[in-house]
Amino acid sequence: MKFFIDTANLDQIREAQSLGVLDGVTTNPSLMAKEGITGEKNIIEHYVKICELVDGDVSAEVIAVDFAGMVKEGEHLASLHPQIVVKIPMIEEGVKALKYFYDAGIKTNCTLVFSTGQALLAAKAGATYVSPFIGRLDDNSTDGLELIEDIRLVFDNYSYGTEILAASVRHTMHIVNCAKIGADVMTGPLSAIKGLLNHPLTDIGLEKFLSDYRKGN
Ligand code: G3P
């Protein structure tokens, strides 16, 4: 499973990259705003900075909600850096844009996916990634992981090339369960990724090994 970090915070991206397990970055307008990055020029510059920090795919979201606007914006974003993946919302005009970018050989990430039907449509349109938001479903008394399972089943039935990018991952067990189900990618916060390190028996065991070593030296 690929690991993407879901943030626009450069320090956190650097830290995840230095762990050696980072495969890409996802961002969205809310994450940009959280870092105080506003205005088209600053946002564009920030995407380029992120691309220069990591080796993998970096999702950059269009703001337009009409086909022509998405195409114009998406083509501009894609021209910024070879690692840019154009992030398109799951709306009717977005589906048309996904197909347009597929034909143009530009990678896409279909965002704001909350149902298997939406994921199927995105795959049919040739999306590179489809992003089901599991945390936001959990917030609404609906099992986000069940959606990942259903999409996995549908995509495997027809060998769709679209990758399932589990998004809105909130904690470490989301990551573990996504891996068990077979999500192709997960994107989450640094805290959830670093949570994979934790086990008290590791800490206790290491302390014991080191104290025994010290006794003999
Ligand atoms: O990857 C999608 C993500 O940015 C949304 O996460 O935590 O706002 O639901 P969240």
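These are my notebook entries on a predicted model of a protein.

**Overall build.** I looked up the secondary structure first, and the protein comes to 11 helices and eight strands. I then checked the extent of the C-alpha trace, which spans about 70 × 40 × 30 Å along the principal axes of the protein. A compact globule of 217 residues would have a radius of gyration near 17 Å, and the protein has 19 Å, so the value agrees with that expectation.

**Inside and surface.** I looked up burial next: 46% of the 217 residues count as buried. The protein exposes about 10900 Å². Of this area, carbon and sulfur atoms supply 55%.

**Contacts along the chain.** I took the contacts between residues at least 6 apart in sequence, and 56% of them join residues at least 24 apart.

**Charges.** I noted 19 positive and 29 negative side chains in the protein. The centres of the two sets lie 4 Å apart.

**Helix H4.** Which residues in H4 are buried? I found Gly-69, Met-70, Val-71, Gly-74 and Leu-77. I recalled that residues three or four places apart on an α-helix point the same way, because there are 3.6 residues a turn.

Conventions
Residues are numbered from 1 along each chain as its sequence is written. This is a predicted model: local features need pLDDT of at least 70, side-chain atom pairs count only at pLDDT 80 or more; totals for chains, interfaces and linings use all residues. Side-chain values use heavy atoms; hydrogens and water are left out. Helices (H or I, at least four residues) and strands (E, at least two) are DSSP runs, numbered from the N terminus. The radius of gyration is taken over C-alpha atoms; the globule rule is 2.2 Å times the number of residues to the power 0.38. Buried means under 20% relative accessible area, exposed over 50%, partly exposed in between (1.4 Å probe, protein chains only). Contact means heavy atoms within 4.5 Å. Accessible areas come from the Shrake-Rupley method with a 1.4 Å probe; for residues, only the protein chains shown count as cover. Lys and Arg count as positive and Asp and Glu as negative; His and the chain ends are not counted. The place of a charge is taken as NZ of Lys, CZ of Arg, CG of Asp or CD of Glu.
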